Protein chains: 2
Amino acid sequence: MFSSTASNNNKPILYSYCHSSCSWRVRIALGLKKIPYELVPTSLLKTDASHSYTSEYTEMNPMQQVPVLKIDGHTLCDSVAIMHYIEETRKDNPLLPQNPQVRAKVREIVEILCSGIQPLQNRIVLAHLGNEKSKKWAAHWITRGFIGLEKVLSASSGKYCVGDNISMADCCLVPQVYNARRFRINFDQFPTIMRINANLESEPTVHESHPHNQPDYQKKKLKND
Amino acid sequence: MFSSTASNNNKPILYSYCHSSCSWRVRIALGLKKIPYELVPTSLLKTDASHSYTSEYTEMNPMQQVPVLKIDGHTLCDSVAIMHYIEETRKDNPLLPQNPQVRAKVREIVEILCSGIQPLQNRIVLAHLGNEKSKKWAAHWITRGFIGLEKVLSASSGKYCVGDNISMADCCLVPQVYNARRFRINFDQFPTIMRINANLESEPTVHESHPHNQPDYQKKKLKND
């Protein structure tokens, strides 16, 4: 679905880091929407001690995070904003249901994952905590979030997070489960999360979007990977 | 705009805690949309040692967070999902612009505030850190987030966060600036944030929604308040 060298055609360009949850959400969303794109690997590891990006990248995204998507002549930042943009401008293969209340359930799950769990265990926060404390911290907050999420999903899910139609929520679930595995949380209490994630992992576009299938993935194991 | 006792009429019912940023976002949004509602004060302080809510509340929101909005026969959780729901079901007084790219900018700012900053300094995380470390931690992450946000807003803002039309982003900015004041960050480097916040504070609905103007506000100062 992607090619790895930026060119001057009109394909959207995704600045992505293979291990970034937020980049992965957008890779899944672009794949599910069947939007071809070019990928520019943008390493979180090319940082100085204060975790700054290059000034050129900071110009594009002052929050110094991946992903950034260049599309339709615009430069868009933030995975949730990007997913909504492609949903609102490309009607095929919807990532949101039509019913407003069901849309609210999808967005609730998106926010549980994207604001309730992921920010507490992202790379910058764990680096700030230091290696000794970071694994325990990450496992604590992922487990706490998953306890609530399991209850939400046990009421909302079918094959996927909300019923049997794949949605934005599913784009966010897969990267968070991947991170949960990295921090070796106990999955026994999360059967619904694991069932949905297994369904998602069997989707070809989810497989293609996996960090291990990205051009910037290196087989040498990262810390906690 | 609100009455403080739940009744059986058809007004939406907001479960809100005066000091909760997420509750405050929704109070502002309901006010800007001119949607009358009833308010049920729901104290974050009525928690046991593990910060659990009552089982009745947990049934409504397994994430054990405020706000919850009962509206149109549904129980909705999460401030961002709720703001989108009222926007999609009530067209008057829009909180999102029409242009998809400008909508993306509004949502980018919403996510900077709601996933990039607030989760790192919410009450549960600070309680987990313990009193000694929590103020420094909160100030660090708010300052870091505001450095990026200031750059984003310096390009996007007019009178409000995105141009001259008030939006969902503004609903999220005011509570975060309030928290930043509580943690005594240095505002000298954030002139755009402060300019927009001053414009917002002069809005009657923002004034009405302020924690100090809520029925559950007690004059006795909270820790860090």
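**Exercise 1.** State where Arg25(B) lies and which residues it touches.

*Solution.* Step 1: Arg25(B) belongs to helix H1 (residues 21-32) of chain B; helices (H or I, at least four residues) and strands (E, at least two) are DSSP runs, numbered from the N terminus. The model is predicted, so local features need pLDDT of at least 70 and side-chain atom pairs pLDDT 80 or more, while totals for chains, interfaces and linings use all residues. Residues are numbered from 1 along each chain as its sequence is written, chains are lettered from A in the order in which they are written, and side-chain values use heavy atoms, without hydrogens and water.

Step 1: Leaving aside residues up to four places away in sequence, Arg25(B) touches Ser79(B), Met83(B), Leu113(B), Cys114(B), Gln118(B), Cys171(B), Cys172(B) and Pro175(B). Contact means heavy atoms within 4.5 Å.

Step 2: Arg25(B) is buried and has no salt bridge. Buried means under 20% relative accessible area, exposed over 50%, and partly exposed in between (1.4 Å probe, protein chains only). A salt bridge is a side-chain nitrogen of Lys or Arg within 4 Å of a carboxyl oxygen of Asp or Glu. For Arg25(B), the nearest side chain of opposite charge is Asp78(B), 6.1 Å away; Lys and Arg count as positive, Asp and Glu as negative, and His and the chain ends are not counted.

**Exercise 2.** Describe how helices H3 and H7 of chain B cross.

*Solution.* Step 1: Two packed helices are described by the angle between their axes and the distance between the axes.

Step 1: The axes of H3(B) (residues 79-89) and H7(B) (residues 168-182) come within 11 Å and cross at roughly 150 degrees. Axes are lines fitted to C-alpha atoms, for helices over the stretch in contact, and angles run from 0 to 180 degrees between N-to-C directions.

Step 2: H3(B) contributes Met83(B), His84(B) and Glu87(B) to the contact, and H7(B) contributes Met168(B), Cys171(B) and Cys172(B).

Step 3: By type, these residues are four nonpolar, one polar and one charged. Ala, Val, Leu, Ile, Met, Phe, Trp, Tyr, Cys and Pro count as nonpolar, Asp, Glu, Lys and Arg as charged, and the others, Gly among them, as polar.

**Exercise 3.** Find which parts of chain A the salt bridge of Asp72(A) with Arg90(A) ties together.

*Solution.* Step 1: The closest N and O atoms of Asp72(A) and Arg90(A) are 2.7 Å apart.

Step 1: Asp72(A) lies in the loop between strands S4 (68-71) and S5 (74-77), and Arg90(A) in the loop between helices H3 (79-89) and H4 (100-117), so the pair ties together parts 18 residues apart in sequence.

Step 2: Asp72(A) is partly exposed at 41%, and Arg90(A) is partly exposed at 24%.

**Exercise 4.** Describe the salt bridge of Glu88(A) with Arg107(B).

*Solution.* Step 1: The closest N and O atoms of this pair are 3.0 Å apart.

Step 1: The pair crosses between chains, from helix H3 of chain A to helix H4 of chain B.

Step 2: Arg107(B) is buried, with a relative accessible area of 3%.
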